[in-house]
Amino acid sequence: MSELETPQAGDDRSRDDDVVALLMRQHGDIRNLFDEVEATSGEERRDAFRRLVRLLAVHETAEEEVVHPFVRRSVAGGQEIVEDRLKEEREAKEMLATLDDMDPDGPDFLPKLIELRRDVQMHARAEERYEFIHIRRSTDVTDLAAMAKAIKAAEAMAPTRPHPGVESGAKNMALGPVAALMDRTKDTVRKAMGGS
Amino acid sequence: MTFNPLEQRGIPLDRQLRNWRELNVDPIDPDRCDPYTRCRVITMNGIEVEAILFSHQLARNTVDPEIKRQLAQTRYIEAQQQKAVNWLLPGLSSVLETTIAYEQVAVDLTAWVARMEPDPYLKQAYQFGVLEDFDHLYRYANLYEMIEHRKAESIVDNLTEVMPGRPTRYHHRDPVDNVRDPYAKDQADPLSKLHALTIMSTEQQTMNFYMNTGPTYMEPIARQLYQEIGLIEEEHVTHYESLVDPGETWWEQLVNHEYNECYLYYSFMEQESDPKVKAIWELHLNMELEHLHIACDLMRRLDGREPAEVLAPRAAQRADVRAEQGLSARTARHADGPDHARRRLRARGARAVREDAGDDPRRREPAERPGDARARRHVRA
């Protein structure tokens, strides 16, 4: 790839006041970060992978807090739909934990990453087709905006682009900080949802 | 090339039926496949859809029930072929990603056909169309960035240029302006007939795809864009189908369809990088050879003519979806400058264009023409 650039949500100046549009763009951001991890090596790859892990953690946590409860509550058959998604998320998290323990330049890393990528992509498409479609159908604009606000608050904790001054990659690779990040995401989302 | 479909025998029709397991093909990987494999899949789906629809129209215009039954038999196999081919596309792709791949086909395959087309008037018709396909690719690329936050280059893999062209509002014409002059079936190079059929079929499938998938979008900008481009695809089908000589009999058209399928499956089999997909092209080629023989028998019986008279003795140049590879796309497309196709197509008829080109149209294929340098400057400016 000639020039690798991972866009940040908000680059296109869209108002992001629709939770479905926002989450779909995040799905794209996640794929872009997978591209970046695959295309780089060494410290660059470590850094890109760290950003991928953060975004995945924040994105999935936010969905668990905002999207799944809504679907479970408001959509016929929502319980089953959400169970399927949660199962996929659990599997992805396990694979993510395995990857987190691996050396990004080791021989097993890339095949495992590609496996994770496919699972994450299947999960994202399933959400788009079986959950998002219901959210748009059964929610009014104020709900969409409130949910978007919560997701955006969470997103601020997972920058897709590296920026200077951030802690070194190795320190963040351990799952500890990721688990803490998920907790913080939950708090942030709950606060945003409560405050709207 | 020595491949002559008329001299080859394929799989007997009664052994062509596949079971569910055989039809349940493994889809290609959306992120890691050769983008040109996906282009070949989309092309052959368009070709098979046309084969099926043409056969239905032919059956509706056929009185003899025995012949209707014969058409139904071959058509059922073709319907299976369409399923096997189109189901190679992965469910993991969004409609928008598949759309961008459709436009990659429209750009690269049409550019290839434009380059190989021996008739100067038909060549202009393809150059005219490819410019608009190029603009459509750009519009969908924009939409893809907005909705899915991904760059179209991640799909076309930098093999096809995605860059701003002209606003698509300039593509909407008076419908009568879309009707071109046909080739003359008895004088035309057989390759010209294959080209016209191929591009007509793929554009028709693009039109079908947009008219059916457009309303599945929730986003108003997407719904609007599919309507707009869908209407331009209607213009393209009108444009390309008018290139085909309407004087060909139904049976002659049937033979042309089957012959073209052999030609394309053979070409794609030779180029295919994915071994599993290559095996499908090979299998389908062997099926099509038999369909061609059946069609030839019908033409002999019902038209009293020898199919070899209307077909190419050999499939000359192989069709290729990889037109843009290793080229500056704009230079390849705008041989005489950016606006020439539109200007000349509108102002003058087929005869004038052919007269300009001199006696042998193929001699108009030099590597460098006076306009080329200018076109390149235009691109860089």
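At what angle do helix H7 (residues 190-213) of chain B and helix H9 (residues 250-271) of chain B pack? They pack at an angle of about 85°, with their axes 10 Å apart. Welcome to this predicted model, in which local features need pLDDT of at least 70, side-chain atom pairs count only at pLDDT 80 or more, and totals for chains, interfaces and linings use all residues. Residues are numbered from 1 along each chain as its sequence is written, while chains are lettered from A and ligands numbered from 1 in the order in which they are written.

**Chain A**

- Chain A has seven helices and zero strands; helices (H or I, at least four residues) and strands (E, at least two) are DSSP runs, numbered from the N terminus.
- UniProt, in an unreviewed entry, places the feature "domain: Hemerythrin-like" at residues 19-129 of chain A; such annotations may be inferred rather than shown by experiment.
- That span, residues 19-129 of chain A, is 88% helix and 0% strand, and its end C-alpha atoms lie 15 Å apart.
- Of the 196 residues in chain A, 40% are buried (20 or more other C-beta atoms within 10 Å of the residue's own, with C-beta atoms placed from the backbone).

**Where the chains meet**

- Eleven residues of chain B are in contact with 16 residues of chain A, a contact being two residues whose C-beta atoms, placed from the backbone, lie within 7 Å.
- Helix H5 (residues 120-148) of chain B gives the largest share of the side of chain B that touches chain A, namely four residues.
- That side of chain B has four nonpolar, three polar and four charged residues (Ala, Val, Leu, Ile, Met, Phe, Trp, Tyr, Cys and Pro count as nonpolar, Asp, Glu, Lys and Arg as charged, and the others, Gly among them, as polar).

**Helix pairs in chain B**

- The angle of about 85° makes H7(B) roughly perpendicular to H9(B) (65 to 115 degrees); axes are lines fitted to C-alpha atoms, for helices over the stretch in contact, and angles run from 0 to 180 degrees between N-to-C directions.
- Among the residues making this contact are Leu194(B) and Leu197(B) of H7(B), and Tyr263(B) and Leu264(B) of H9(B).
- Helix H2 (residues 35-60) of chain B packs with helix H3 (residues 65-86) of chain B at about 160°, with their axes 9 Å apart, and H2(B) and H3(B) are therefore roughly antiparallel (over 145 degrees).
- The contact of H2(B) with H3(B) has eleven nonpolar, five polar and four charged residues.

Conventions. Parallel < 35°, antiparallel > 145°, perpendicular 65-115°, else oblique. Buried ≥ 20, exposed ≤ 12 C-beta atoms within 10 Å, placed from the backbone.
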